[in-house]
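Please read these points with the model open beside you.

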Amino acid sequence: MGALPVFRWRLAPDGYATRRQLRARGLRPGGQGVAATLERPRRRREPLVAYLYRVDLAKPVRPMTPGRWAALAAANRARRICPQCGRDAGYVIPASLGTCVPCTYPDSCDSPRSV
């Protein structure tokens, strides 16, 4: 297996794109391997590396089916339920907290807010 071509930042030829660039065009890699890498040099650190895929081998994004929409809604609903009090928080609970804000900071929620 040969080494991948490496391009400098902003100097990749046409026909290559990152995953995000493919997604913006309504495409996905579609099982193809990484075709090249893109390197952005940084001072005193390792370069930032982005993987490039060939646009001509990319496939269209699969459409969302009703079942996939339902699964996505169920997953998002589960992220809104507080594991401590069991209530719907009305927002996605941050992983850094692990519980809703009233459960995380019970003292600050009881006091009246200053206007």
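The numbered points below go through basis, aromatic rings, salt bridges, loops and surface.

1. Basis. This is a predicted model, in which local features need pLDDT of at least 70, side-chain atom pairs count only at pLDDT 80 or more, and totals for chains, interfaces and linings use all residues. Residues are numbered from 1 along each chain as its sequence is written, and side-chain values use heavy atoms, without hydrogens and water.

2. Aromatic pair. The whole structure holds one aromatic pair. Its members are Phe 7 and Tyr 16, with 5.6 Å between centres and 50 degrees between planes, hence the label tilted. (Rings of Phe, Tyr and Trp, the last by its six-membered ring, pair if their centres lie within 6.5 Å; planes under 30 degrees apart are stacked, over 60 edge-to-face, and the rest tilted.) Tyr 16 is partly exposed at 24% relative accessible area. (Buried is under 20%, exposed over 50%, and partly exposed in between, with a 1.4 Å probe and protein chains only.)

3. Charge over a ring. Look at Trp 9. The charged end of Arg 40 sits over its ring, 5.1 Å from the centre. (The rule asks for NZ of Lys or CZ of Arg within 6 Å of the ring centre and within 35 degrees of the ring normal.)

4. Salt bridges. A search of the whole structure gives two. (The term means a side-chain nitrogen of Lys or Arg within 4 Å of a carboxyl oxygen of Asp or Glu.) Asp 56 pairs with Arg 54, the closest N and O atoms being 2.7 Å apart. Asp 56 is exposed at 54%, while Arg 54 is partly exposed at 34%. Asp 88 pairs with Arg 80, with 3.2 Å between the closest N and O atoms. Here Asp 88 is partly exposed at 43%, and Arg 80 is partly exposed at 29%.

5. Around Arg 80. Gly 90 is ten residues from Arg 80 in sequence and 6.3 Å away in space, C-alpha to C-alpha. Gly 90 belongs to the loop between H2 and helix H3 (101–104). (Helices, H or I with at least four residues, and strands, E with at least two, are DSSP runs numbered from the N terminus.) Gly 90 is partly exposed, at 48%.

6. Positive phi. Arg 10 is a residue other than glycine with a positive phi, near 65 degrees. It lies in the loop between strand S1 (6–8) and S2 and is exposed at 75%. Arg 44, also not a glycine, has a positive phi of about 55 degrees. Its loop runs between strand S4 (36–42) and S5, and Arg 44 is exposed at 86%.

7. Thr 18: buried or exposed? It counts as buried, because its relative accessibility is 18%. Thr 18 sits in the loop between strand S2 (16–17) and helix H1 (19–24). Leaving aside neighbours within four places in sequence, it contacts Ala 50, Tyr 51, Leu 52 and Tyr 53. (Contact means heavy atoms within 4.5 Å.)

8. Leu 57. This residue is in the loop between strand S5 (45–54) and strand S6 (59–60). Not counting residues up to four places away in sequence, Leu 57 touches Pro 29 and Gln 32. Cys 103 is 46 residues from Leu 57 along the chain, with 50 Å between the C-alpha atoms.

9. Exposed tryptophan. Trp 69 is in helix H2 (residues 66–80). It counts as exposed, since its relative accessibility is 51%.
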